Amino acid sequence: MKTLNIIGSGRVGRACGRMWAQARVFEIRDVLTRSRASAAEGVKFIGAGHAVGRLGEMRDADVWMIATRDDAIVPSAVTLAASGKIAPDDIVFHMSGATPSADLKPVRERGALVASVHPIKTFTEAEFAVQTFPGTFCSAEGDVGALAVLRPAFEKIGARLLDIAPELKPVYHAGGVFACNYLVALIEVALRAHERAGIPRKASLTALEPMVRETVDAIFDKGPEIALTGPISRGDAVAVGRQLSMVQNWDPEIGALYRGLGFIAVALAEAGGRLDAARAADLRAVLTGNG
């Protein structure tokens with residue numbers, strides 16, 4: 001087995017470390033976090049490795065995983081490069097979805113092969129992430145030699161890798177933000193709208209749940225074009241105009257959100273054959289403010 005050092009043992013680092021240790025993919029060597037105590041907690045969760053308090057204590061390894069926050073990736077690479085611990089053809093990779101592997105330039109200049117692998121998954125709890133990881137898609141980019149080792153390492157713990165253009169990683173990661181983080185924000189907007197109309201938040205959350213779950217199921221069963229419902233899918237420009245006007249008067253920022261998402265919904269309705277060109281034009285005119 002190749003040896004693996006882990007820098008940053010948060011939920012992602014711990015979950016992957018445990019899965020690799022259990023599957024005997026890597027020999028976990030040293031684990032470094034912001035404190036020796038948190039590193040010890042990481043080692044305990046992983047079930048393998050040795051906790052260290054600073055990078056100078058870490059032993060050599062074939063593979064180095066940087067599983068820190070995005071803003072700590074480059075500083076970690078700089079410190080690792082300066083440590084003298086990187087040997088030619090060592091592999092250094094990070095787990096960020098927004099940062100290209102090219103940002104690991106400091107260690108590449110020391111002879112390391114670099115890459116990035118990002119799970120398209122939420123890691124709310126490391127224990128739950130381990131249980132639900134099999135089948136997870138991961139985006140991957142970097143040096144061919146690094147991916148030749150990392151691809152099978154991730155596949156052995158149930159991952160399915162997708163190649164990604166490194167220069168477009170911020171756009172790719174924004175896709176995940178829209179699908180996950182901003183979905184939460186949209187539900188919050190819906191709760192505020194109901195609350196504005198007199199429905200308590202708790203009751204609103206309960207009332208919206210079946211509709212939201214049915215919509216999500218329809219998206220993945222039939223596709224967004226078919227899953228779309230509501231006034232735009234019906235071409236009801238009068239209803240859309242009335243909603244937009246009242247929402248804008250209530251909260252201009254939410255009004256702008258309604259308008260922006262409305263244009264996307266019109267395009268979806270057209271693509272799904274729900275709207276003809278005339279009705280689509282009417283809706284766009286209303287959303288623009290010319291209707």
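**Close-up views of a predicted model**

At 0% relative accessibility, D30 counts as buried. The views below are taken from a predicted model.

**View 1. The salt bridge between D30 and R59.** The closest N and O atoms of D30 and R59 are 2.8 Å apart. The two residues come from distant parts of the chain, 29 residues apart: D30 belongs to strand β2, whereas R59 sits in the loop between β3 (50–52) and β4. R59 is partly exposed, its relative accessible area being 42%. The count of salt bridges comes to 14.

**View 2. Strand β1 and its parallel partners, β2 and β4.** Five of the six residues of β1 (residues 2–7) are buried, so the strand is largely enclosed by the rest of the structure. Five bridges pair β1 in the parallel sense with β2 (residues 26–32). From β1 the chain passes through helix α1 (residues 11–22) to β2, in a β-α-β crossover that is right-handed. Strand β4 (residues 63–66) also runs parallel to β1, joined to it by four bridges. I7 stands opposite L32 in β2, and its bridge partner in β4 is I66.

View 3. With a relative accessibility of 15%, T33 counts as buried. A polar atom of the T33 side chain lies 2.9 Å from the backbone oxygen of S35, and a polar atom of that side chain lies 3.0 Å from the backbone nitrogen of A39. Leaving aside residues up to four places away in sequence, T33 touches G8, S9, S38, A39 and V52.

**View 4. The largest nonpolar core, of 38 residues.** L4, W20, F26, M65, F93, L150 and F154 touch the most other members of this core. Helix α6 (residues 144–155) supplies the largest share, five residues. Residues up to four places away in sequence not being counted, the contacts of F93 include L4, W20, M65, L150 and F154, together with L104 and A115. Another core, of 18 residues, lies apart from this one and has I7, M58, I73 and I86 among its members.

**View 5. Salt bridges of R213 with E209 and of R69 with D71.** R213 and E209 both belong to helix α8 (residues 201–222), where they are four residues apart, about one turn of the helix. Their closest N and O atoms are 2.8 Å apart. R213 is exposed at 54% relative accessibility, while E209, at 38%, is partly exposed. Between R69 and D71 the closest N and O atoms are 3.3 Å apart, and both residues are exposed.

Notes. Residues numbered from 1 in each chain as written. Predicted model: local features only at pLDDT ≥ 70, side-chain atom pairs only at ≥ 80, totals over all residues. Heavy atoms only, no water. Core = buried A, V, L, I, M, F, W, Y, C linked by side-chain atoms within 4.5 Å. Buried < 20%, exposed > 50% of the residue type's maximum accessible area, 1.4 Å probe, protein only. Contact = heavy atoms within 4.5 Å. Pairing = 2+ DSSP bridges. Right-handed = clockwise from strand over helix to strand, strands pointing away. Polar contact = N/O pair within 3.5 Å; in protein donor to acceptor, adjacent residues only side chain to side chain. Salt bridge = Lys/Arg side-chain N within 4 Å of Asp/Glu carboxyl O.
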